[in-house]
Amino acid sequence: MNLQLMLAWRYLSGRKLRTFLTTLAIIFGVLVIFGMNIILPTMTSAMQANLQGMSGVVDYSVTLASGESFSPEIVPTVRAVDGVRAVSASLVRTVNLPAGFFGGATAPSAAITVLNLIGLDPEAARSVRAYPVSEGGRFLESADTDSAVISQSLADKLGIGVGDGFPLPSATGVVHLTVVGILPPRTHPGTEEVLVTLPQAQRMTNETGKINTIDINVETGAGETRRTEIQNTIEAAIGPNYHVGTLMSGTDMFAALQLGQAVMGLFGVLALFMGGFIIFNTFRTVVAERRRDIGMLRALGATRGTITGMILAEGLLQGILGTALGLGFGYLLGAGLLIMVGPILGKFLNITLGAPVVSPGLVVVCILLGVSVTVLAGLMPARSASRVTPLEALRPAMAETGIIRKIGAGSILGIVILILTSLALLSGNELLISPSGLLFLIGLVLVAPILIRPITFVFGKFIGWIYARRGIGELAQGNLVRQPSRTAVTVSATMLGLAVIVAAGGMVASLSVVMYDMIRKSLGSDYLFIPPSVSVWNTNVGAGPDFAERLHGVDGVGDISSFRFAGTKINDTGVSLLGIDPVMFPKVSGFYFIQGNESAYQELAGGRAMIVNPSFLTAIGAKVGDTMDLLTPGGPVPYRIVAVATDLLNIKITTAFISQADMAADFGKTEDVFLQLNLAPGADRTAVDTQIRAVAAGFPQFQLISGRAYYETIKMQFDAAFSAMYILFGLLAFPSFIAMLNTLAIGVIERTREIGMIRAVGATRGQIGAMVTAEALLLAAIGTLFGVVAGWYLGFTFISAMGAVFPLGYAFPAIGILVAVVFGLLFGVLAAIIPARQAARLNIIRALQYE
Amino acid sequence: MALIQTENLTKIYGNGETAVTALDRVSMKVNPGEFVAVMGPSGCGKSTLLHLLGGLDRPSGGTVTVDGTALADMKDDDLAKLRRRRIGFVFQFYNLIPVLDAAENAALPVTLDGVNPVEAKTRAIAWLEKFGLGGRLKNRPDQLSGGQQQRVAIARALVADPALILADEPTGNLDTRAADEIAALLARVSKEFGRAVVMVTHDPRIAAYAGRIIFLKDGAVVDETILERTSGDNSKILADKMRTFGE
């Protein structure tokens with residue numbers, strides 16, 4: 001092994017440029033995997049804490065079933081539950097304010113008629129969520145007395161800042177609180193909050209030593225099954241007197257982040273495989289170049305094993321070097337990205353990021369991946385090297401002269417795979433389509449060698465036309481065709497990188513279409529009347545039908561839709577039951593249908609029918625068409641499932657929607673807990689707004705917000721997330737660039753003598769440079785074509801795979817394809833720069849003598 | 001006992017109508033310490049004969065015995081070991097590893113055999129010094145002249161102490177003076193160090209350094225000549241014979 005390592009080291013250091021280019025491929029693969037995986041956990045946990053802080057919800061809230069306050073004795077019990085990441089006990093009280101409490105009738109503060117007073121332990125609260133207090137202020141401290149932290153939007157309404165005071169009614173009279181810190185403006189539905197220390201709130205509400213809510217956050221990245229497990233454990237620990245409320249956790253962006261993390265990991269592995277392709281290419285060339293040396297070694301008595309070991313040793317050395325550098329650069333990338341992205345996220349999404357998270361497990365995995373991919377990539381070339389006979393030492397090297405590449409076993413397998421995967425796509429069967437994406441890629445890689453010549457012929461005509469006056473078009477074409485295997489491997493590496501962009505583009509396009517559609521439907525009405533606790537409807541005090549009638553009475557008000565709530569059980573599982581008006585609801589809001597369609601509304605109107613959401617299906621284990629008994633005050637009543645649909649507000653909660661008529665008849669509920677309102681066409685917005693607000697003032701349990709503004713805010717958040725994803729995907733195309741550069745550089749080195757000859761017979765330096773550039777463009781064109789085809793297919797299979805869980809309509813990734821084409825061709829041109837210069841500047845005499 | 005013995009050694013390439021008989025039932029012997037040159041026109045089979053003697057290729061018929069060992073049924077790895085321990089090779093194009101220096105190149109066969117690297121280098125240096133390359137131990141092949149590279153190759157061929165040296169056109173790539181040096185060195189290897197040398201050459205001047213000449217034509221032995229020790233006449237004699245057999 002000593003000799004093999006020594007030879008490996010000498011050969012590697014003897015060809016520095018090639019070694020650098022090959023190792024670069026591995027560096028990049030490891031860099032991406034390591035870098036991404038140290039960013040994302042940081043971003044994920046920061047986003048989780050911050051988004052939850054922003055949206056005011058946590059994973060679970062424990063309250064007493066009766067709604068009363070209780071002793072904090074059970075807090076340690078909850079904290080000790082496996083899977084619970086952080087707990088924070090608080091006392092939350094709604095403080096109703098008389099009209100004009102803060103100022104005159106026309107002041108902005110006059111509109112504030114209710115506030116939530118939240119007493120908390122500052123340390124514990126910050127372990128559950130982040131409170132990004134703006135500069136000049138601070139968060140609460142345990143020793144604070146008569147201090148408060150409020151949001152910017154509340155501060156604006158009150159016209160106060162840090163250091164200013166404001167009054168608040170309490171059990172002990174009016175208390176004057178001083179603002180010590182200001183949080184970002186409240187952008188989501190709900191009542192404004194005033195944060196004080198727990199003892200302060202207990203004094204103000206005469207509830208000394210009591211709490212009424214325990215907020216709980218669970219471990220990051222917990223899936224549905226794990227969350228249910230944790231919830232069950234909590235419930236078992238605290239007993240039946242307490243209620244564990246499941247609130248909307250993390251939002252869709254968080255779920256998208258989790259998906260993004262998995263996808264990033266996959267892409268990182270892809271990048272590494274692309275690095276493997278590049279190494280494979282290089283080693284094949286190395287073996288071809290060193291046939292004489294290898295033959296001589298065999299003639300001197302080296303066994304096949306020795307030769308294999310020599311090539312593998314080179315792979316091992318490159319793998320170790322590349323991995324080590326990849327880890328180092330990956331850390332710098334991760335830390336650097338966090339530093340760069342931090343301020344942007346902080347500004348637009350109010351998120352503060354921590355340091356990169358490096359786990360020993362990740363380091364080990366990266367080392368194993370980096371080294372093993374390199375060694376494996378060298379395995380086939382090493383075996384072929386061992387087959388070089390001693391006679392090769394004595395005979396001149398034969399160039400590959402496959403004019404029409406013979407169709408070997410690999411190509412046949414590739415053709416079969418392509419046919420099967422195409423049939424799978426046409427079948428429309430999700431189970432068949434899902435795995436076929438990657439198989440399609442493999443199929444393309446296998447058939448690439450036999451496709452090179454015909455495709456090169458087609459593209460070559462075009463390139464030849466561009467370079468006609470330079471007289472080198474055919475030479476460039478011929479160079480690629482002469483080495484179809486190497487060309488094919490480079491094309492495959494390029495294809496993978498570009499396929500990723502196109503597939504990602506497809507996914508993101510489809511995902512964003514659905515998300516925006518859902519947001520627009522759920523929250524896109526002109527006005528929303530939001531209770532303090534969205535989704536946990538039973539804790540809210542609703543409004544009788546009187547409220548909606550009075551709103552209808554306002555001139556200019558169009559359609560009004562509302563939710564009415566009743567709790568029920570199906571087979572001992574709690575279900576959130578919401579009553580909708582089947583006629584009004586689709587006009588003002590609307591569902592995103594997963595199974596079934598808009599005709600389900602009519603079925604609802606027909607009676608004893610329900611539309612359920614996917615959480616319901618998971619929790620209850622039912623399907624469309626099933627009839628289930630809902631527990632009503634009068635006993636079980638059968639309801640038939642007519643469709644599966646979801647909306648944004650109830651996405652994570654086991655929910656069934658029935659008609660309000662059924663709700664009144666079977667459950668006796670006529671209270672509206674959430675309302676949405678659209679103005680009539682041509683209404684005078686300003687006038688109507690004033691009147692609506694006047695009506696709403698009489699029902700302070702609702703906060704009135706403009707649906708449009710909320711939609712824009714959410715959309716902005718999603719746009720930011722999607723843009724970040726596009727940038728990351730773009731990075732992954734980088735190995736394609738390295739692949740092209742590597743191939744072109746090798747090509748120049750290999751053809752030194754030939755280039756010398758072409759120069760000797762009269763080609764100018766410019767023509768040589770143009771030849772290499774033309775070759776690069778050809779390579780890029782072929783790779784891009786493969787990449788677009790593969791990416792389109794891959795993207796389609798991803799969407800179909802997700803369809804089993806959450807259907808997304810397929811949106812054609814026009815932008816993704818455009819970006820891939822631009823990247824691909826640009827890379828071709830850029831990759832040619834150095835090799836073209838090298839080739840053009842070769843000394844003719846030395847080139848002719850090159851061995 | 002003969003160091004090398006072949007009986008009806010035959011090598012046929014291809015089959016059917018395109019079959020080419022490169023060697024046609026060649027029977028010959030080489031004794032220990034002999035310097036034998038194999039000559040003949042282009043395509044006569046002399047290189048093929050050398051390849052078969054060295055176990056680099058397998059015969060289509062007949063037998064080859066080297067130092068008492070029949071090569072015919074040996075496995076590939078065993079042949080490799082034979083080559084590194086009992087046969088030394090010198091090729092036309094030096095075939096030195098470009099990334100190793102002179103001493104490391106010369107030490108290759110014993111290094112491959114698992115000999116301690118220090119010991120291997122010591123042995124290699126001893127031979128290199130005998131061949132006047134004591135001051136060039138650290139030079140890489142691209143820093144040596146053609147003649148110097150070939151001397152490194154000969155040192156490499158001897159480092160494992162083999163009884164037999166096979167040289168395939170060892171002077172084919174050298175100028176006249178360097179060619180003479182190498183031919184004289186091979187003669188010295190045979191006479192002074194007692195190794196059998198079988199050299200393939202087309203150059204009568206170089207062949208004249210040998211003690212016995214075997215002429216091949218169309219794959220068969222057509223002549224054997226024992227040379228007297230007057231190199232000037234011998235070259236002319238051999239040149240005449242080459243012309244005769246070349247027709």
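1. **The salt bridge between the chains.** Arg10(A) pairs with Glu104(B) in a salt bridge. Their closest N and O atoms lie 2.6 Å apart. This is a predicted model, so treat the distance as a computed value. The rule finds one salt bridge across the interface of chain B and chain A. The pair sits well inside the 4 Å cut-off used for such bridges.

2. **Who supplies the chain B side.** Two helices of chain B, helix 2 (76-86) and helix 4 (108-112), each supply at least two residues of the side that touches chain A. Helix 2 of chain B gives the most, with five residues. By class, this side of chain B has 14 nonpolar, three polar and eight charged residues.

3. **Extent of the interface.** The contact takes 25 residues from chain B. Chain A brings 22 residues to it. About 2200 Å² is buried between the two chains. Carbon and sulfur atoms give 66% of that area. Five residue pairs are in polar contact between chain B and chain A, counting pairs with both residues at pLDDT 80 or more.

4. **The six-stranded sheet of chain B.** This sheet is open, and its pairing is mixed. The strand order is 6-7-8-3-9-10. Strand 6 (87-90) and strand 10 (220-226) of chain B stand at the edges. Each has a single partner strand, so one side of each is left without a neighbour in the sheet. On average, neighbouring strands are turned by 20° against each other, direction ignored.

5. How do strand 6 and strand 7 of chain B pair, parallel or antiparallel? They pair in the parallel sense, over four bridges. Strand 7 of chain B covers residues 164-168. Ile87(B) has Leu164(B) as its bridge partner in strand 7 of chain B. Helix 2 of chain B lies across both strands. The helix runs at about 80° to strand 6 of chain B.

6. **The four-stranded sheet of chain B.** A further open sheet has the order 2-1-4-5, with antiparallel pairing. Its edges are strand 2 (20-30) and strand 5 (69-70) of chain B. Each edge strand has a single partner, so one side of each lacks a neighbour in the sheet. Within the sheet, strand 1 (residues 4-13) and strand 4 (residues 61-66) of chain B run antiparallel. Five bridges join them. In strand 4 of chain B, Thr63(B) is the bridge partner of Glu7(B).

7. **Salt bridges elsewhere.** How many salt bridges are there over all chains? A search of the whole structure finds 29. One to look at is Arg93(A) with Glu207(A), whose closest N and O atoms are 2.7 Å apart. The pair links distant parts of the chain, 114 residues apart. Arg93(A) is in strand 2 (residues 84-96) of chain A. Glu207(A) is in the loop between helix 6 (198-204) and strand 8 (213-218) of chain A.

Methods: Residues are numbered from 1 along each chain as its sequence is written. Chains are lettered from A and ligands numbered from 1 in the order in which they are written. This is a predicted model: local features need pLDDT of at least 70, side-chain atom pairs count only at pLDDT 80 or more; totals for chains, interfaces and linings use all residues. Side-chain values use heavy atoms; hydrogens and water are left out. Contact means heavy atoms within 4.5 Å. Buried area is the accessible area (1.4 Å probe) that two parts lose on being put together, summed over both. A salt bridge is a side-chain nitrogen of Lys or Arg within 4 Å of a carboxyl oxygen of Asp or Glu. A polar contact is a pair of N or O atoms within 3.5 Å; within protein, one must be able to donate a hydrogen and the other to accept it, and residues adjacent in sequence count only if both atoms are side-chain atoms. Ala, Val, Leu, Ile, Met, Phe, Trp, Tyr, Cys and Pro count as nonpolar, Asp, Glu, Lys and Arg as charged, and the others, Gly among them, as polar. Two strands pair if DSSP finds at least two bridges between them. Axes are lines fitted to C-alpha atoms, for helices over the stretch in contact, and angles run from 0 to 180 degrees between N-to-C directions.
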